[in-house]
Amino acid sequence: MTQLSTGAVRRSEPPRATQEGLRRFVEGFAEDHPPLSLAAADLTLNNPGEVRRRYGAVFGYLTRVEFEVERNVLELRALMPDATETDRFFYQEVWSPQELQHGVLLDAVQQGLGLTPEPVDVSKVSAKIRLVGVLSHLPGMLGVIRLLYYLTGAATERSAVVAYSRLVDGLRAMGERAVAETIIAPIKRQEPGHFAFYRLSAQALMAEEGLQAWQLQLARILRRRSFRLVGANNRKQQADFGDVARTLGLDRDLLEVARQVSLVERELLWAQQRGMDIPGYILAALREAIELSVVREAGVQSATVSRVPDK
C-alpha cells in the first residue's frame, strides 16, 4: 500500500539514504508530482446523501488536516531555524503546495456534500514550539529535533496512506468512481513520496551525521511524551480522529495500523528493544481516540433519547 513501486515516484528512483541522494529524490518527486489540479477533478456524486452519511466525518477531518499544513510550515520555521536546505525546500516548495491542494480538492467534495467546513487553525505557533526552536541552537539539540521531525512526518504520512486507501476503496464499493478516481486516488498516490522523504531523511541523519547515545535516549523520551495522532490536538479532535478510525474500519485491525504508523521509529529508536513490536504510546493514542469516539457517540444517543417526549 505504501511501496514506491506503485508509481508514486518514477524518475526519482531509486532513492538513496544520503543527503545527495535525498536532494535528487525530492527534486525528482517535485517534477513528477506537481500539485493536483481542481480543474482535472470530477466532482460528480451519484448519491451525495449516502456519501455524506458514511464519510462526511472523514472528509471533514482530512480537509482540516490538509489545510492546517499552512500552520505546520510556520511551526517548522520556528522549530528548525537552521533547517537543512533540502528540508526547507521540501516543506516549503514541495510538500506544502501539494498538501494544500489536497485540501482544496477535499473541500470541493465537502461543498458537494453540503457539509460545513471544520474550523482551521493556520496561524498560531505555540510558545512550546518557539522554545524548542530556541533550544535547537544548543550543542547536539538540532539533531534530536530533526529526528523527531522526520519521525512525526513519517507517522503522519503513513497514517494518511492508510486512511486514503480505505476511503478510496469504500467510495469505489459505493459506485462513487468519479470522486474516488479523480480526487482520492491521486491524493493517495502523492502521500507515499512524502513518507519516503521522512524515512530517507531519518536514515541519512543517522548514517551520515550520526547521533550520540544521549541524543537517541532524549529522542526516545521526547517522542514518548509528545506523540499525538495527526490533527488531534485536543480531546474533541481525538474523538474526531476516533470517528474517522471507526468509519474506515481501522479499529478492526488496530495492531496492524499501529505497526504501519510506527514503522520508522521502530527501525531507528526501538530496534535494540527486543520484543517491542509496537511502541506502546502509539497504540495507546489510537485506543484512546477510539474510546473517546465511542463515549461521545453514546452520550449523543443518550441525550437524543432523553429528549424524546413520552407518549
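At what relative accessibility does Gly 143 sit, and does Gly 143 count as buried or exposed? After that, please take me along helix α4 (residues 85-113) and what it packs against.

Modeller: Gly 143 has a relative accessibility of 14%, so it counts as buried (buried is under 20% relative accessible area, exposed over 50%, partly exposed in between, with a 1.4 Å probe and protein chains only). A quick word on ground rules: this is a predicted model, where local features need pLDDT of at least 70 and side-chain atom pairs count only at pLDDT 80 or more, while totals for chains, interfaces and linings use all residues. Residues are numbered from 1 along each chain as its sequence is written, and side-chain values use heavy atoms, with hydrogens and water left out.

Gly 143 belongs to helix α6, which spans residues 141-174. Helices here are DSSP runs (H or I, at least four residues; strands are E, at least two), numbered from the N terminus. Setting aside neighbours within four places in sequence, Gly 143 is in contact with Leu 205 and Leu 211 (contact means heavy atoms within 4.5 Å). Leu 216 lies 73 residues from Gly 143 in sequence, with 9.4 Å between their C-alpha atoms.

For background, the chain has 12 helices and 0 strands, and 50% of its 311 residues count as buried. Looking at contacts between residues at least 6 apart in sequence, 81% join residues at least 24 apart.

Now to α4, starting with α3 (residues 69-79): the two axes come within 9 Å and cross at roughly 160 degrees. Axes are lines fitted to C-alpha atoms, for helices over the stretch in contact, and angles run from 0 to 180 degrees between N-to-C directions. α3 and α4 are therefore roughly antiparallel (under 35 degrees is roughly parallel, over 145 roughly antiparallel, 65 to 115 roughly perpendicular, the rest oblique). Their crossing is right-handed; that label applies when the near helix is turned clockwise from the far one by less than a right angle, and anticlockwise gives left-handed. Val 69, Val 73 and Leu 76 are among the α3 residues here, and Tyr 91, Trp 95 and Leu 100 are among those of α4. By class, this contact has 6 nonpolar, 3 polar and 3 charged residues (Ala, Val, Leu, Ile, Met, Phe, Trp, Tyr, Cys and Pro count as nonpolar, Asp, Glu, Lys and Arg as charged, and the others, Gly among them, as polar).

Leu 100 deserves a stop. At 26% relative accessibility, Leu 100 counts as partly exposed. Glu 66 is 34 residues away in sequence, yet the C-alpha atoms of Leu 100 and Glu 66 are 5.9 Å apart.

Helix α2 (residues 48-67) holds Thr 63, which is buried with a relative accessible area of 3%. Thr 63 touches Gly 103, Leu 106, Asp 107 and Gln 110, not counting residues up to four places away in sequence.

Next comes α7 (residues 177-209), whose axis comes within 11 Å of the α4 axis, crossing at roughly 160 degrees. That makes α4 and α7 roughly antiparallel, and their crossing is left-handed. The α4 side includes Phe 90, Trp 95, Leu 105 and Val 109, while the α7 side includes Ile 184, His 194, Phe 197 and Tyr 198. This contact divides into 11 nonpolar, 6 polar and 3 charged residues.

That brings us back to α6, the helix of Gly 143. The axes of α4 and α6 come within 15 Å and cross at roughly 25 degrees, so the two are roughly parallel. α4 passes α6 in a left-handed crossing. Asp 87, Phe 90, Tyr 91, Trp 95, Glu 99 and Leu 106 of α4 make this contact with Arg 146, Tyr 149, Tyr 150, Glu 157 and Tyr 164 of α6. Its makeup is 7 nonpolar, no polar and 4 charged residues.

Phe 90 ties several of these partners together: among the residues it touches, beyond four places in sequence, are Val 26, Tyr 149, His 194, Phe 197 and Tyr 198. The largest nonpolar core has 89 residues, and Phe 90, Tyr 149 and Ile 184 are among those with the most contacts inside it. Such a core is a set of buried Ala, Val, Leu, Ile, Met, Phe, Trp, Tyr and Cys residues joined through side-chain atoms within 4.5 Å. α6 supplies its largest share, 16 residues.
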